Amino acid sequence: ELPPPPTRGEKKIIKAAAIECEGDFDTLIAKLDECGKQGVDLACLWEYVWYNTEAEVEKNKERNRGYLARLGEAAKRNGMYVLVAGELERGFNESILFDRQGAEVGRYTKILQTTDKSWKTYREGDRVGVFDVDFGRICTKICADVGSPDIDRVAGLSQVDLMLLSTQDAGPYSERIRLREAGRCLDNGC
């Protein structure tokens, strides 16, 4: 099911930032604050893994909720959108979008999950992560989602302006992935 066509006003120019993996959470918040000083409208964060086993999902739940709350506070303090992705809180891979007021305005569950299917928390997504923001329409993909050109097609049909890709994909093929993703965005009007 596609969202209704976006309401298009005057074209807007925005500042966006992509923040690499930052293992120290205080440093990550400082980087978001620096983005805020520079007038960034949207910060796209890395694909994080805040737990490694099913037992750690429960063990770290409060800590991880605290991390998410701090990201929301940084979004509000800096008047910008913040998108974070990964295995963050609930036992499967998802992305979470915070608005300029620091409120969570959307979650996207990764369609091509890499979380172990035997986990009781396992869940795979059934819709593409398309969200309307005050400057246009965005789409988020995570990790193995890069393997699905159908997500890009839905983004194109949804008239997405900006594709956000959080992934830990690395290695000798990462440049090829970046080129492929750029081509898909161009093909689909993002």
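Colleague: What makes glutamine 159 count as buried, partly exposed or exposed?

Modeller: Its relative accessible area is 37%. Buried means under 20%, exposed means over 50%, and partly exposed lies in between (1.4 Å probe, protein chains only). So glutamine 159 is partly exposed. Before we go on: this is a predicted model, where local features need pLDDT of at least 70 and side-chain atom pairs count only at pLDDT 80 or more, while totals for chains, interfaces and linings use all residues. Residues are numbered from 1 along each chain as its sequence is written, and side-chain values use heavy atoms, leaving out hydrogens and water.

Colleague: Where is glutamine 159 found?

Modeller: In the loop between helix 4 and strand 8. Helices (H or I, at least four residues) and strands (E, at least two) are DSSP runs, numbered from the N terminus. Glutamine 159 also has a positive phi of about 60 degrees, although it is not a glycine.

Colleague: And cysteine 143, why is that called buried?

Modeller: Its relative accessible area is 13%, and the cut-off is under 20%, so cysteine 143 is buried. You'll find cysteine 143 in the loop between strand 7 and helix 4, with a positive phi near 45 degrees.

Colleague: How do you know that cysteine 143 is in no disulfide?

Modeller: A disulfide here is a pair of cysteine sulfur atoms within 2.5 Å. The structure holds 0 of them. For cysteine 143, the nearest cysteine sulfur belongs to cysteine 21 and is 13 Å away, so there is no disulfide.

Colleague: What about cysteine 139, buried or exposed?

Modeller: Buried, because its relative accessibility is 0%.

Colleague: What makes you say that the buried residues of helix 5 line one face?

Modeller: Helix 5 covers residues 174–187, and Ser174, Ile177, Glu181, Arg184 and Cys185 are buried there. Seen down the axis, the buried residues fall within an arc of 100 degrees (taken from the directions from the helix axis to the C-beta atoms), so they line one face. On the other side, Arg176, Leu179, Leu186 and Asp187 are exposed.

Colleague: Which elements do those buried residues pack against?

Modeller: Strand 7, helix 4 and strand 8.

Colleague: Last one: which residues touch the most other members of the largest nonpolar core?

Modeller: Leu32, Leu45, Trp50, Leu68, Leu71 and Val84, out of 23 residues. Such a core is a set of buried Ala, Val, Leu, Ile, Met, Phe, Trp, Tyr and Cys residues joined through side-chain atoms within 4.5 Å.

Conventions
The expected span of a helix is 1.5 Å times one less than its number of residues. Contact means heavy atoms within 4.5 Å.
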